[in-house]
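Hi everyone, thanks for coming. Please have a look at the structure on the screen, and then I'll walk you through it.

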Amino acid sequence: MNWNPDHYHLYTDHRLRPALDLLSQVTLASPSVIYDLGCGTGNVTSLLSKRWGEAVVIGIDSSEAMLRKAASDHPSLEWKLQEINDFSPVSKGNLIFSNAALHWLDDHETIFPRLLNQLRPGGVLAVQMPNNFLAPSHQTLYELAQSDAWIDRLGKLVRPAPVHDISWYYDLLSSKVQLLNIWETTYFQVLKGKNAVLEWTRGTALRPFLEALNEDEVKTFEAEYAKLLYEAYPQSEDGSTLYPFSRLFIVAEMPED
Ligand SMILES: C[S@@+](CC[C@H](N)C(=O)[O-])C[C@H]1O[C@@H](n2cnc3c(N)ncnc32)[C@H](O)[C@@H]1O
């Protein structure tokens with residue numbers, strides 16, 4: 001999927017806050033090697049580097065466009081073009097951080113234990129994933145893509161919800177770690193502007209669907225989707241739109257040797 005760094009940054013404050021909430025729960029004193037998986041444009045990677053100034057911090061992402069922006073905004077940090085599924089570093093990490101990226105990958109049953117194996121003793125895996133797949137913003141998108149008019153072009157892009165519930169992650173990880181901190185938060189986001197939820201999803205969930213369509217089809221699809229969104233998330237009189245958004249957080253700490 002092609003990412004657009006400018007569009008992703010439309011709602012920077014709302015997208016950054018969960019990363020800060022995740023970071024606040026990582027208590028490592030002085031990690032020497034930190035990986036940021038799905039680092040995007042590197043905003044969060046640079047915060048990791050600021051917090052642990054002595055550490056080697058490496059941002060990893062599969063999008064050339066996002067990494068180009070990361071390297072231009074933060075030239076002193078290290079960036080690597082790589083699929084998270086291929087992540088197998090020579091030097092294991094003290095911290096593997098991943099904000100808003102792992103939900104793009106299927107098969108968490110394999111990925112999460114594999115990431116734990118890339119940590120040093122006492123190392124920490126810290127993950128935040130959107131968990132809004134059952135919300136109207138996503139369900140209306142999936143239903144529209146599976147409607148008679150669009151199913152041939154878009155039906156195959158509808159994935160089963162990639163994020164499992166908290167107890168599923170607890171059962172998967174608890175026997176492998178010495179400390180497990182899992183929580184979920186719903187942020188009641190107040191978005192400004194016209195078609196605010198459409199603009200939000202255009203930066204993320206809607207992208208794969210638009211990429212499969214030509215210019216005219218994009219206009220038609222977006223108009224139909226915008227109408228459904230407007231019914232689900234009406235704009236209030238002051239022009240703002242309330243868009244509740246749930247996110248799941250996991251901080252897992254490996255045992256010391
Ligand atoms: C929503 S952005 C989050 C960026 C950054 N972590 C942040 O918090 O600002 C998701 C990022 O994950 C990356 N991504 C998605 N799937 C990936 C994969 N399989 N391997 C590597 N990167 C991936 C995308 O390229 C994108 O830059």
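Let's start with a question: how do the residues of the shell around the ligand divide into nonpolar, polar and charged? There are ten nonpolar, six polar and two charged residues. Here Ala, Val, Leu, Ile, Met, Phe, Trp, Tyr, Cys and Pro count as nonpolar, Asp, Glu, Lys and Arg as charged, and the others, Gly among them, as polar.

Before going on, a word on the source: this is a predicted model, where local features need pLDDT of at least 70, side-chain atom pairs count only at pLDDT 80 or more, and totals for chains, interfaces and linings use all residues. Residues are numbered from 1 along each chain as its sequence is written, and side-chain values use heavy atoms, with hydrogens and water left out.

Back to the ligand. It has 18 residues around it, and G38, D61, E83, I84 and N99 come nearest; near means a heavy atom within 4 Å. Now the polar contacts, which are pairs of N or O atoms within 3.5 Å. A polar backbone atom of G38 sits 2.7 Å from a ligand nitrogen. From the side chains, a polar atom of E83 is 3.0 Å from a nitrogen of the ligand, and one of S62 is 3.2 Å from a ligand nitrogen. On its own the ligand has 600 Å² of accessible area, and the protein covers 94% of that (Shrake-Rupley method, 1.4 Å probe).

Now the sheet. Seven strands form an open, mixed sheet, in the order β3-β2-β1-β4-β5-β7-β6. Strands are DSSP runs of E, at least two residues long, numbered from the N terminus, and two of them pair if DSSP finds at least two bridges between them. Strand β5 (119-130) pairs with β7 (240-253) in the antiparallel sense, over seven bridges. For instance, P130 has R247 in β7 as its bridge partner.

Technical notes: Helices (H or I, at least four residues) and strands (E, at least two) are DSSP runs, numbered from the N terminus. A polar contact is a pair of N or O atoms within 3.5 Å; within protein, one must be able to donate a hydrogen and the other to accept it, and residues adjacent in sequence count only if both atoms are side-chain atoms.
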